[in-house]
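Please keep the sequence and the structure in view while reading.

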Amino acid sequence: MGKVTDIRKKDIAVSVIILNYNGISYVKECMESVLNQTFRDKEIIVIDNGSSDGSGELLKKMASSEIIFIENKDNLGFASGNNIGMEMAKGRFIALLNNDAVADEKWLENLVSAALKSDSSYGSW
């Protein structure tokens with residue numbers, strides 16, 4: 001079994017997808033928790049689903065080389081919004097995170113480690 005840092009089959013190990021809709025009161029804390037992960041080989045794709053509370057503007061300002069921001073003019077719903085992020089994803093693994101969640105700093109590290117230890121004939125690895 002290889003090290004967690006040796007898992008690249010694509011450009012990036014993990015694409016974290018965060019779908020936002022009117023999450024002004026909590027999305028910043030969610031984003032910070034993903035930025036502060038101990039596992040660094042990731043991209044963050046955040047999709048704003050037509051928010052009207054200023055959270056879309058906040059997320060647009062946070063966009064960087066590590067954060068890809070996608071703005072939907074309308075609320076396309078949970079599945080369609082996440083599908084847009086998955087279409088853009090470059091990671092070997094995809095992790096969906098709700099905009100009101102705060103991830104433990106070792107969330108991705110533990111998630112990737114568990115995926116690498118799993119029997120690939122089961123599940124979606």
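A residue is called buried when its relative accessible area is under 20%, exposed when that area is over 50%, and partly exposed in between (1.4 Å probe, protein chains only). The model is predicted, so local features need pLDDT of at least 70 and side-chain atom pairs count only at pLDDT 80 or more, whereas totals for chains, interfaces and linings use all residues. Residues are numbered from 1 along each chain as its sequence is written, and side-chain values use heavy atoms, with hydrogens and water left out.

**The sheet**

Helices (H or I, at least four residues) and strands (E, at least two) are DSSP runs, numbered from the N terminus, and two strands pair if DSSP finds at least two bridges between them. Four strands form an open sheet with parallel pairing, in the order 3-2-1-4. Strand 3 and strand 4 are the edge strands, each of them pairing on one side only. From one strand to the next the twist averages 20 degrees, where axes are lines fitted to C-alpha atoms, for helices over the stretch in contact, and angles run from 0 to 180 degrees between N-to-C directions.

Strand 1 (residues 12–20) and strand 4 run parallel and are joined by seven bridges, with L19 standing opposite N98 in strand 4. Strand 2 (residues 42–49) and strand 3 (residues 67–72) also run parallel, joined by six bridges, and here V46 stands opposite F69 in strand 3.

**Salt bridges**

A salt bridge is a side-chain nitrogen of Lys or Arg within 4 Å of a carboxyl oxygen of Asp or Glu, and by this rule the count comes to three.

| Pair | N to O distance |
|---|---|
| K42 and E66 | 3.0 Å |
| K60 and E71 | 3.4 Å |
| E71 and K73 | 3.9 Å |

K42 forms its salt bridge with E66, a pair that links distant parts of the chain, since K42 lies in strand 2 and E66 in the loop between helix 2 and strand 3, 24 residues apart. K42 counts as buried because its relative accessibility is 6%, whereas E66, at 23%, is partly exposed.

K60 and E71 meet in a salt bridge that likewise links distant parts of the chain, K60 being in helix 2 and E71 in strand 3, 11 residues apart. K60 is partly exposed at 47%, and E71 is partly exposed at 36%. E71 also meets K73, which is exposed with a relative accessible area of 69%, and salt bridges that share partners join K60, E71 and K73 into one network.

**The surface**

F78, M86, I94 and L96 make a nonpolar surface patch of about 360 Å². Patches are made of residues with over 30% relative accessible area and no salt bridge, like charges being joined within 9 Å and nonpolar side chains (Val, Leu, Ile, Met, Phe, Trp, Tyr) within 5 Å; accessible areas come from the Shrake-Rupley method with a 1.4 Å probe, and for residues only the protein chains shown count as cover. Helix 3 (78–88) and strand 4 (91–98) each supply at least two residues of this patch. M86 is found in helix 3, and M86 counts as partly exposed because its relative accessibility is 31%.

S25 has its place in the loop between strand 1 and helix 1 (27–35) and counts as exposed, at 64% relative accessibility. The C-alpha atoms of S25 and S55 are separated by 8.2 Å, although the two residues are 30 residues apart along the chain.
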